[in-house]
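Please look over the sequence and the structure below before reading on.

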Amino acid sequence: MKLLEERIRRDGEVLDGDVLKINSFLNHQVDPELMMEIGKEFARLFADSGVTKVLTCEASGIAPGVMVAYQLKVPMVFARKKKPSTLNDAVYWADVFSYTKKVNNKICVEEKFLDKNDKILIIDDFIAHGEAVKGMVNIAKQAGCEIVGVGGVVAKIFQGGSDWIKDAGLRFEALAEIDSFKDGQVHFVGEE
């Protein structure tokens, strides 16, 4: 998605060799017009998949996830990183390791929001090692859902998460695929 790649080049910042900071439009401040375009593109890519729900993880997956769900006219469910007191004990749990924060998180979704009749599209803001996706796949499988695919707004192909998704037999679509960070610059897949 050229618009997204342009925005990453303009506003992104490469840190510590393999971290891309895109806080100005996705991971802290959200650009709603860009999120709407992201939602339209994922909806186009998965239009014929029979999606009944979009599943994402809080917090940065919510903005693109809700826009995809809006375009597909289905609900969005997000996995919480902490179980609130208002949530009953009937939840699906999964462990997720955050390479960025170097911590283990438990994510959960209340059981009543996912079931065996659902066709789930998983949306993640950033796919690097694929840990959040692995957790969401785990939750979807616990619920007996069919996973129609995984969409990553940005995928760092060189860190293996996208390979894991494909090796798991899941359809994978990324709107911006990063091949490398050489000399502090973002290099997208397919560039010379």
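Predicted model: local features only at pLDDT ≥ 70, side-chain atom pairs only at ≥ 80, totals over all residues.

Residues are numbered from 1 along each chain as its sequence is written, and side-chain values use heavy atoms, with hydrogens and water left out.

**The largest pocket**

- Rolling a probe the size of a water molecule over the atoms shows where empty space is left.
- A pocket is here an open set of points on a 1 Å grid over the protein atoms alone, where a 1.4 Å probe fits and protein lies on both sides within 12 Å along at least five of seven lines, and its lining residues have an atom within 4 Å of a point.
- The largest pocket has a volume of about 950 Å³, a volume being the space filled by probe spheres set on grid points that are joined across faces, edges and corners.
- Its lining is made up of 34 residues, and those nearest the centre of the pocket are Ser98, Thr100, Lys101, Asp125 and Phe126.
- Two or more lining residues come from each of β2 (19-21), α2 (23-27), β5 (91-98), β6 (103-110), β7 (119-127) and α5 (131-143), where helices (H or I, at least four residues) and strands (E, at least two) are DSSP runs numbered from the N terminus.
- Strand β7 gives the largest share of this lining, with 4 residues.
- By type, the lining residues divide into 14 nonpolar, 10 polar and 10 charged, with Ala, Val, Leu, Ile, Met, Phe, Trp, Tyr, Cys and Pro counted as nonpolar, Asp, Glu, Lys and Arg as charged, and the others, Gly among them, as polar.

**Salt bridges**

- Side chains of opposite charge can pair when their charged atoms come close.
- The structure holds 11 salt bridges, each being a side-chain nitrogen of Lys or Arg within 4 Å of a carboxyl oxygen of Asp or Glu.
- Aspartate 118 and lysine 53 form one of them, with their closest N and O atoms 3.3 Å apart; because aspartate 118 lies in the loop between β6 and β7 and lysine 53 in strand β3 (residues 53-57), the pair ties together parts that are 65 residues apart in sequence.
- Aspartate 118 counts as buried at 7% relative accessibility, and lysine 53 counts as buried at 14%, where buried means under 20% relative accessible area, exposed over 50% and partly exposed in between (1.4 Å probe, protein chains only).
- Lysine 106 is paired with aspartate 95, the closest N and O atoms being 2.9 Å apart, and since lysine 106 lies in strand β6 and aspartate 95 in strand β5, this pair ties together parts that are 11 residues apart in sequence.
- Lysine 106 is partly exposed, at 42%, whereas aspartate 95 is exposed, at 54%.
- Salt bridges with shared partners join Arg7, Arg10, Asp11 and Asp31 into one network.

**Nonpolar cores**

- In soluble globular proteins, nonpolar side chains tend to be buried together.
- A nonpolar core is a set of buried Ala, Val, Leu, Ile, Met, Phe, Trp, Tyr and Cys residues joined through side-chain atoms within 4.5 Å.
- The largest nonpolar core has 33 residues, of which Leu4, Ile8, Phe42 and Val154 touch the most other members.
- Helix α3 (32-45) is among the elements that give two or more residues to this core, and the largest share, 6 residues, comes from α3.
- Another core, of 28 residues, lies apart from this one and includes Val109, Val137, Ile147 and Ala174.

- Glutamate 5, in helix α1, counts as buried at 14% relative accessibility, and, leaving aside neighbours within four places in sequence, glutamate 5 is in contact (heavy atoms within 4.5 Å) with Leu175, Ala176 and Phe188.
- Leucine 114, in the loop between β6 and β7, is buried with a relative accessible area of 1%, and its C-alpha is 8.3 Å from that of glycine 144, a residue 30 places away in sequence.
- Valine 96, in strand β5, counts as buried at 8% relative accessibility, and the residues it touches beyond four places in sequence include Val103, Ile107 and Glu131.
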